[in-house]
Amino acid sequence: MNFSAASLCAVLQAHLPAQATGLLVAVSGGADSSCLLAAAARMRSALRSLPLRAVHVDHGLQTGSDGFRARCAALAEALQVPLSIVRVAVNAAPGESIEAAARDARYAALAALLTPGECLLTAHHREDQAETVLLQALRGGFKGLSGMPVCRRFGAGWHVRPLLDVSRSELLGVGGAPGVGFASDPMNEDLRFDRAYLRHRIWPLLEKQWPGAGPSLGRTARHVAAAQGLLDVAAAADVARLRDGDALSVTGLRALPGPQQINVLRHWIAGAAVPAPPQARLVEALRQILAATGDHLPAVLWSGHALRRYRDRIFLTSAVPPAIGPARDWPVAADATLELGGGLGRLRMVAHNGGLAAHKLASTLVVHARRGGERLKPARHAATQSVQHLCQAHGVLPWMRDALPFVFAGDALVAVGDLWLDARWCAAPGEAGFACEWQGAPMLV
């Protein structure tokens with residue numbers, strides 16, 4: 001396409017959500033984003049009169065950061081566009097590239113800056129899209145071959161890339177505000193980074209041999225995105241059919257062909273806003289889960305998350321299950337509450353006929369995790385049973401049993417959360433007593 005302020009306006013009119021409340025252009029001080037901001041400023045009156053502003057994220061990684069900030073400020077002033085400067089700290093985890101860490105920090109800052117309904121505009125162009133497709137192909141993924149979407153939900157609004165069909169040369173032909181120069185980011189020239197190496201060493205050779213490589217890879221991305229959309233629709237239908245509460249049915253999953261099983265698991269994990277494990281890890285998780293016998297509890301972990309099986313269900317959990325912390329006192333009084341911490345909610349003591357008899361209790365109970373071998377009498381005419389047996393009989397998830405709050409009166413177990421009261425410590429039927437109400441309890445069965 002021949003790029004201009006008018007063509008940018010047409011793309012935005014086609015892709016901006018109807019609920020859009022404003023535009024926020026990310027500018028680095030480089031040519032691409034500066035040209036985008038200049039074009040956006042020229043057409044702002046034609047686009048629903050949406051307010052326009054700009055943001056520059058300073059990663060603090062370069063000695064020339066002051067120069068980039070100054071160029072962004074000069075451009076914004078020339079265009080009469082409000083500019084925000086956001087400074088971020090970049091901390092690369094072990095094994096993570098500084099490039100990836102900077103990108104994560106940048107997008108986290110941009111997401112936090114967006115107001116409800118505002119659209120972040122970035123200057124990713126056709127060559128950026130082609131590079132993304134090639135890099136994803138080299139990493140062996142499929143979904144990544146769909147490249148970058150034109151519009152996606154982001155923060156409190158959306159992330160829009162209106163230049164994906166525009167070549168960099170067309171973009172630069174528009175230029176910025178008169179008298180305002182651009183700078184080149186040294187990281188974009190550093191061949192240690194994958195994208196820079198591809199851009200400077202590989203891409204010129206590809207374009208020389210295949211002059212239409214950029215548009216062709218862009219079409220590939222669109223085709224893969226369409227195919228991925230169909231896969232997502234099919235997976236959503238399968239997930240809805242196989243869902244068992246917050247889990248998936250093992251029997252139902254086992255009945256599907258292998259590729260369909262993987263598609264379902266990926267979609268289900270993504271629906272929980274959790275990054276999917278690598279393909280090999282996902283295949284291994286599926287193998288362990290489907291092959292496990294009744295007395296095995298497979299757990300496949302990755303990046304702080306886990307897939308677990310219990311009986312005929314698959315669960316997505318944190319890698320480290322929650323657990324009750326140190327012992328704490330809980331006063332015996334109506335509406336007395338005890339925060340359990342660790343996302344486990346709180347216990348509240350409520351009046352309940354036939355509940356724990358106050359005259360049998362001391363003024364304070366003690367709450368802590370199980371220590372093994374605890375027993376109680378769950379009903380007046382029931383036998384005394386181990387809590388382990390009760391958990392198995394009621395299907396309490398094994399990895400959640402250390403999260404159960406065990407309530408003691410002295411050395412005697414009188415309650416386990418709001419699951420069981422010990423009948424020996426309860427008032428007579430119809431007489432006033434107390435029950436434990438577990439507010440904000442996690443999924444246990």
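Start by selecting strand 19 (residues 412–416) and strand 20, which pair in the antiparallel sense over two bridges. This is a predicted model. Now pick alanine 415. Its bridge partner is leucine 421, in strand 20.

Five strands form it, in the order 12-15-18-19-20. The sheet is open, and the pairing is antiparallel. Colour strand 12 (328–331) and strand 20 (420–421): they stand at the edges. Each has a single partner strand, so one side of each is left without a neighbour in the sheet.

Next stop: strand 6 (residues 157–160), where you will find histidine 159. Is histidine 159 buried or exposed? Its relative accessibility is 0%; because buried means under 20%, histidine 159 counts as buried. Show its side chain together with that of threonine 122. A polar contact of 2.7 Å joins the two. Then display the residues that histidine 159 touches beyond four places away in sequence: Tyr107, Leu120, Thr122, Val150, Cys151, Arg152 and Phe154.

Last, select helix 8 (residues 213–242). How far apart are its end C-alpha atoms? They are 42 Å apart. At 1.5 Å a residue, the 30 residues should span 44 Å, so the two values agree.

Now highlight the buried residues of helix 8, among them Ala213, Leu217, Val224, Gln228, Asp238 and Leu242. Which elements do the buried residues of helix 8 pack against? Show helix 5 (126–139), helix 7 (194–209), helix 9 (250–254) and helix 10 (258–271).

How values were computed
Residues are numbered from 1 along each chain as its sequence is written. This is a predicted model: local features need pLDDT of at least 70, side-chain atom pairs count only at pLDDT 80 or more; totals for chains, interfaces and linings use all residues. Side-chain values use heavy atoms; hydrogens and water are left out. Helices (H or I, at least four residues) and strands (E, at least two) are DSSP runs, numbered from the N terminus. Buried means under 20% relative accessible area, exposed over 50%, partly exposed in between (1.4 Å probe, protein chains only). A polar contact is a pair of N or O atoms within 3.5 Å; within protein, one must be able to donate a hydrogen and the other to accept it, and residues adjacent in sequence count only if both atoms are side-chain atoms. Contact means heavy atoms within 4.5 Å. The expected span of a helix is 1.5 Å times one less than its number of residues. Two strands pair if DSSP finds at least two bridges between them.
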